[in-house]
Amino acid sequence: MKYGIAIFPSKAVQDEANSYRKRYDPHYALIPPHITLKEAFEADEQTVHEFVTELKHIANDTEPFTVNIRKVSTFAPVTNTIYLKVEPKQELIDLFEKMNRGKFPGNQEFAFVPHITIAQKLSTEEYSDVYGSLKMKNFDLEDKVDRFQLLYQLDNGSWTVHDSFVFGKEKV
C-alpha cells in the first residue's frame, strides 16, 4: 500500500489554498491542501506499524511552531506547478529530515521545499496567466503546527488519514 506523511494546515489556510485549487489543481478532490513531509512510499502493515512507533517518538520530541506564507512560487521550468511558499523554519526542516532517515525509505526525489500546491498540470499559457497574476498578490498567512498525519492512498487515488500525531502528546 502507498503511504505518505503530511501536515494539514488550519481551515483558514486550506480555504485560501482551495480557492485556487478548485480551478487549477486536478488533485483537488484527492487530498486536502497540505505540506508534504514524506513523499509517497510503499509499505506493508508490519513496516507501517514500526513507522507509527517511530512517528510517535518524533511527535513527542517536537514542540508546536508557526509557519508563515507570504507569497506564491513555482517549480517551473521543471513543472508548471504553482504553490503557496511556506517560509522554511528549522522546526519544519528538522521534521522533514527525521522522516527521511533511519527506518524510513530514502525516496526523496527533490530537495525539500515547504509548500502547499495550489495549481499543477497547467498548460504553458494557463500557467503563465495564473502565475503572472498570483505572483503580484501578497499573502499574509500564519499557521500554528502542532501535529502531522500518516496518510494512505485508496484504490480511487484519494488519500485518507491513517494516524495523526500530536506534538508532545503521543503514548508510545
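Predicted model: local features only at pLDDT ≥ 70, side-chain atom pairs only at ≥ 80, totals over all residues.
Visitor: How many of the contacts in the protein between residues at least 6 apart in sequence join residues at least 24 apart?

Guide: The share is 75%.

Visitor: What part of the 172 residues is buried?

Guide: Buried residues make up 44% of them.

Visitor: Which residues have the most contacts inside the largest nonpolar core?

Guide: They are Leu-37, Leu-55, Ile-82, Leu-95 and Phe-148, in a core of 45 residues. Helix α2, residues 45–60, gives the most to this core, with six residues.

Visitor: What is Leu-37 in contact with, leaving aside its neighbours within four places in sequence?

Guide: The partners of Leu-37 include Ile-5, Ile-7, Leu-95, Phe-112 and Phe-148. Asn-100 is also one of the partners of Leu-37.

Visitor: Why does Asn-100 count as buried?

Guide: Buried means under 20% relative accessible area. Asn-100 has 18% relative accessibility, so it counts as buried. Asn-100 sits in the loop between α3 (90–98) and β5 (115–119). Leaving aside neighbours within four places in sequence, Asn-100 is in contact with Leu-37, Lys-38, Pro-105, Asn-107 and Gln-108. The C-alpha atoms of Asn-100 and Ala-17 are 26 Å apart, and 83 residues separate the two along the chain.

Visitor: Why is Asn-18 called buried?

Guide: The relative accessible area of Asn-18 is 15%, which is under 20%, so Asn-18 is buried. Asn-18 belongs to helix α1, residues 11–24. Apart from neighbours within four places in sequence, Asn-18 is in contact with Tyr-28 and Pro-33.

Visitor: Why is Lys-121 called exposed?

Guide: Exposed means over 50% relative accessible area. Lys-121 has 63%, so Lys-121 is exposed. Lys-121 is in the loop between β5 and α4 (124–134). Lys-121 also has a positive phi of about 60°, although it is not a glycine.

Visitor: What kind of peptide bond joins Ala-76 and Pro-77?

Guide: The bond between Ala-76 and Pro-77 is cis, with omega at about 10°. Pro-77 lies in the loop between β3 (65–74) and β4 (82–86).

Visitor: How do you know that Thr-117 touches residues at other places in the chain?

Guide: Contact means heavy atoms within 4.5 Å. Not counting residues up to four places away in sequence, Thr-117 touches Arg-21, Asp-25, Thr-81, Ile-82 and Tyr-83. Thr-117 is in strand β5. Thr-117 and Tyr-83 are 34 residues apart along the chain, and their C-alpha atoms are separated by 4.2 Å.

Note on methods:
Residues numbered from 1 in each chain as written. Heavy atoms only, no water. Buried < 20%, exposed > 50% of the residue type's maximum accessible area, 1.4 Å probe, protein only. Core = buried A, V, L, I, M, F, W, Y, C linked by side-chain atoms within 4.5 Å. Helix = DSSP H or I, 4+ residues; strand = E, 2+ residues; numbered from the N terminus.
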